[in-house]
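Me: I have a model open and would like to go through it with you piece by piece. Can we take it slowly?

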Amino acid sequence: MSTPENVPVYPPAHTVADFTANLAAVRAKIEAAASRVGRDPSSVRLLPVSKTVPEERLRLAVAAGCHQLGENKVQEAKRKWQNLTDLEISWAVIGHLQTNKAKDVAAFANEFQALDSLRVAEALDRRLDRLGRSLDVYVQVNTSQEPQKYGLPPEEVRAFLHQLNQFETLRVQGLMTLALFTSDGERVRECFTLLRNLRDQIRGEDPALLGPGELSMGMSGDYEIAVEEGATCVRVGQAIFGSRALPDSYYWPGETNA
């Protein structure tokens, strides 16, 4: 996999003012990208991704307006949820999930964006049913077709969505993907275009399969391209919180980072 050159270094945010400024900068870029393709910027949801960020800094981010946070690792997300129960935060789990962690996600998450396994769907459904809860889910698609990446091959998504119909606690919202990690913007764009086209094809055949048909795609390095290609949710971490000490490979298995 390609590794981008000149990976941006984002200064860490340590005050409410820092977070406010970073959020404004990201939203301005979302608005500009949407305007370039004639989209309404309000149709794009910004999901701040808080992995590795300690709770004391998350309190500052919430004070600056971050009331929904995304986490990759369930154990880290659960700890933060428990430690920040005094704040109004909606939690999204956006990383790969093992079945033995389904009980935790069912207990606190409002959204799960990396569903690509019937076994995980079954485990979530069982736990959610016991708790009397439901969960918004996105189906993860491997648009870069890299064997080391999680996510369903595009050609298997329709059948998987039909299987999800049996789980009443899972509310399918749309599709999610991780683009190639490369500085080649056109190769990144191809991943996003593929997801949008797949969504449109499925909606044309059976609109009920995808609920509102959301597209979660784009991170700090490529969210502007994602917005241009139709993203309705962008998952932005480092551009808001600052560069992480750990490489992306720690969070996204198979990814290579500088």
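Me: Is Gly70 buried or exposed?
Reply: In this predicted model, Gly70 is buried, since its relative accessible area of 0% is under the 20% that marks a buried residue.

Me: Which element is Gly70 in, and what does Gly70 touch?
Reply: Gly70 belongs to strand E2, which covers residues 68–71. If residues up to four places away in sequence are not counted, Gly70 touches Leu47, Pro48, Val49, Ser50, Lys51 and Ala92.

Me: And how far apart are Gly70 and Val37 in space?
Reply: Their C-alpha atoms are 27 Å apart, and in sequence Gly70 and Val37 are separated by 33 residues.

Me: Which other residue has a positive phi although it is not a glycine?
Reply: Gln145 is one, with a phi of about 55°. Gln145 is found in the loop between strand E5 (135–140) and helix H6 (157–164), and Gln145 counts as exposed because its relative accessible area of 55% is over 50%.

Me: Back to the lysines: where is Lys80, and is it buried or exposed?
Reply: Lys80 lies in helix H3 and is buried, with a relative accessible area of 0%.

Me: How do H2 and H3 pack, then?
Reply: Helix H2 (residues 55–63) and helix H3 (residues 74–83) pack at an angle of about 65°, with axes 11 Å apart. H2 and H3 are therefore roughly perpendicular to each other, and their crossing is right-handed.

Me: Which residues meet there, and what classes are they?
Reply: From H2, Glu55, Leu58 and Arg59 meet Arg79, Lys80 and Asn83 of H3. By class, this contact of H2 with H3 has four charged residues, along with one nonpolar and one polar.

Me: Switching to another helix pair, how do H6 and H7 cross?
Reply: The axes of H6 and H7 come within 11 Å and cross at roughly 55°. H6 and H7 are therefore oblique to each other, and the crossing of H6 and H7 is right-handed.

Me: And which residues meet at that contact?
Reply: Val157, Arg158 and Leu161 in H6 meet Leu198, Gln201, Ile202 and Glu205 in H7. The contact of H6 with H7 has, by class, four nonpolar residues, one polar and two charged.

Me: Where is Leu209, and what is it in contact with?
Reply: Leu209 is in the loop between helix H7 (185–205) and strand E7 (214–216), and Leu209 is buried, with a relative accessible area of 6%. Leaving aside neighbours within four places in sequence, Leu209 is in contact with Leu161, His162, Asn165, Val172 and Ile202. Among them, Leu161 in H6 and Ile202 in H7 are also listed where those two helices meet.

Me: How far is Leu209 from Gln173?
Reply: C-alpha to C-alpha, Leu209 and Gln173 are 9.1 Å apart in space, and they are 36 residues apart in sequence.

Me: One last thing: which residues does the UniProt domain annotation cover?
Reply: In the unreviewed UniProt entry, the annotation "domain: Alanine racemase N-terminal" covers residues 22–244. In the model, that span is 42% helix and 17% strand, and its end C-alpha atoms lie 15 Å apart.

Technical notes: Residues are numbered from 1 along each chain as its sequence is written. This is a predicted model: local features need pLDDT of at least 70, side-chain atom pairs count only at pLDDT 80 or more; totals for chains, interfaces and linings use all residues. Side-chain values use heavy atoms; hydrogens and water are left out. Axes are lines fitted to C-alpha atoms, for helices over the stretch in contact, and angles run from 0 to 180 degrees between N-to-C directions. Helices (H or I, at least four residues) and strands (E, at least two) are DSSP runs, numbered from the N terminus. Angles under 35 degrees count as roughly parallel, over 145 as roughly antiparallel, 65 to 115 as roughly perpendicular and the rest as oblique. A crossing is left-handed if the near helix is turned anticlockwise from the far one by less than a right angle, and right-handed if clockwise. Contact means heavy atoms within 4.5 Å. Ala, Val, Leu, Ile, Met, Phe, Trp, Tyr, Cys and Pro count as nonpolar, Asp, Glu, Lys and Arg as charged, and the others, Gly among them, as polar. UniProt positions are given in the numbering used here, feature names are shortened, and annotations may be inferred rather than shown by experiment. Buried means under 20% relative accessible area, exposed over 50%, partly exposed in between (1.4 Å probe, protein chains only).
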